[in-house]
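Morning, everyone. I have one model to show, and I will keep it brief. Here it is on the screen.

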Amino acid sequence: MAAGFLVMLYEYCPPFYISIVSLCFIITVAMVLGWFGFDVPIILRSSDDADSVANIPEKRMVQVTNPFALELGSAPSSVTGGVVLRPRCLEECTLSCYWGCGIQGLQAALHAHRCGPPISTPQRFQEALHFQYQHVQTFHIETEDPGERLTQMPASLGISHFGVLPRACYPLVVLLTLAEPDTRDIYNIVASVTVVHVPDEKYQLSERILFQYLLTVQGNMYELKPLFMSTGDGSQAESTDPAPDTEQERPNEAGGPQTGTTQEDEDEDEGAAPGAGRDCVVCQNAPVNRVLLPCRHTCLCDGCVSRVQHCPMCRAFVLEAFALCRRPLEDEQEGHHRGE
Ligand SMILES: [Zn+2]
Ligand SMILES: [Zn+2]
């Protein structure tokens, strides 16, 4: 019957017949070559074979120590009642709170950090801001001081809101800098800038950290971003705490354009294994250790990351991945190198 069809096709339209026969021939040859192990274009393979060659590039990371961490306290915040901040620092630090900080002023300050001398003191930050803020309050934070600080604008200023949207200023910008000049040489990171939304009568969205940047001594700026950890019950936990030990994208050292806002942070406590207590969502058998990019879901073990092309949590295509912690042996060796 197929032969009859081909003869009929040839009589009606010879070029079409020839192309059909050629196509069948090419497919047959490709299958035979594939059978003998020759490399065949991926479209001719079964989908299972295609999955097995998925290879997600490893993002190159460099480990640095971030001396600053800042969280919002549990007490409710408001423009009139103030905000409770919970700083955690590895060294003595200065915590400066800029209320009503101009958006353009902050942009100018971050730009000044990249172009001029790095922002390592509150004075330098204020000058770079061109003093575009309503009120500043400064605290001294001792090393590993577990206390909370309440920052508040004085009632005498009479400010109860920062206007309707769109606004020209952020409610609160918090700067953390190292208090002792000697310690600035130890850390690569010299300042942390946190932009905080504080509810007021014009805009009652609850308080939250909008952005958090780390400024390096080389004049780079990295944005800290949360990782989305999978939890045991299948829901997602968002962890936003930038703990002292972070991993950063390698700074662009070759003088190329600075990719200042593409840094991914690691936000787990040092010491404790980040994936401890959380099993890989694919094999359910090994601790979670891989962060998928660009979605930042942290839900796979080292073994399963090579078996997926799409994130198991959100189905986003995975472009890159990096490890939360390296294997203990590698870690040890690298630790020795770093200690020298
Ligand atoms: Zn797994
Ligand atoms: Zn995802």
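**Strands and cores**

Start in strand β6: there, L150 is the bridge partner of V84. Strands here are DSSP runs of E, at least two residues, numbered from the N terminus; helices are runs of H or I, at least four residues.

A word on the source. This is a predicted model: local features need pLDDT of at least 70, side-chain atom pairs count only at pLDDT 80 or more, and totals for chains, interfaces and linings use all residues. Residues are numbered from 1 along each chain as its sequence is written, while chains are lettered from A and ligands numbered from 1 in the order in which they are written.

Back to β6. Strand β3, residues 83-89, runs antiparallel to β6, and 3 bridges join them. Two strands pair if DSSP finds at least two bridges between them. The open sheet here has 3 strands, in the order β2-β3-β6, with antiparallel pairing. Its edge strands are β2 (68-72) and β6 (149-151), each pairing on one side only. On average, neighbouring strands of this sheet are turned by 35° against each other, direction ignored. Those axes are lines fitted to C-alpha atoms.

Now β7, β8 and β9. β7 and β8 pair in the antiparallel sense, over 6 bridges. T177 stands opposite A191 in β8. β8 also runs antiparallel to strand β9, residues 208-216, through 8 bridges. There, V196 stands opposite I209 of β9.

Is β8 enclosed or open? Of the 9 residues in β8 (189-197), 7 are buried, so the strand is largely enclosed by the rest of the structure. Buried means 20 or more other C-beta atoms within 10 Å of the residue's own; exposed means 12 or fewer; partly exposed is in between; C-beta atoms are placed from the backbone.

Next, the cores. A nonpolar core is a set of buried Ala, Val, Leu, Ile, Met, Phe, Trp, Tyr and Cys residues joined through C-beta atoms within 7 Å. The largest has 44 residues, and L172, V173, V174 and L176 have the most contacts inside it. Strand β7 (169-178) gives the most to this core: 8 residues. Apart from it lies another core of 16 residues, including L292, C299, C304 and V305.

Last, the record. An unreviewed UniProt entry lists residues 280-315 as "domain: RING-type"; such annotations may be inferred rather than shown by experiment. Over residues 280-315 the chain is 0% helix and 22% strand. The end C-alpha atoms of that stretch are 16 Å apart.

Technical notes. Axes are lines fitted to C-alpha atoms, for helices over the stretch in contact, and angles run from 0 to 180 degrees between N-to-C directions.
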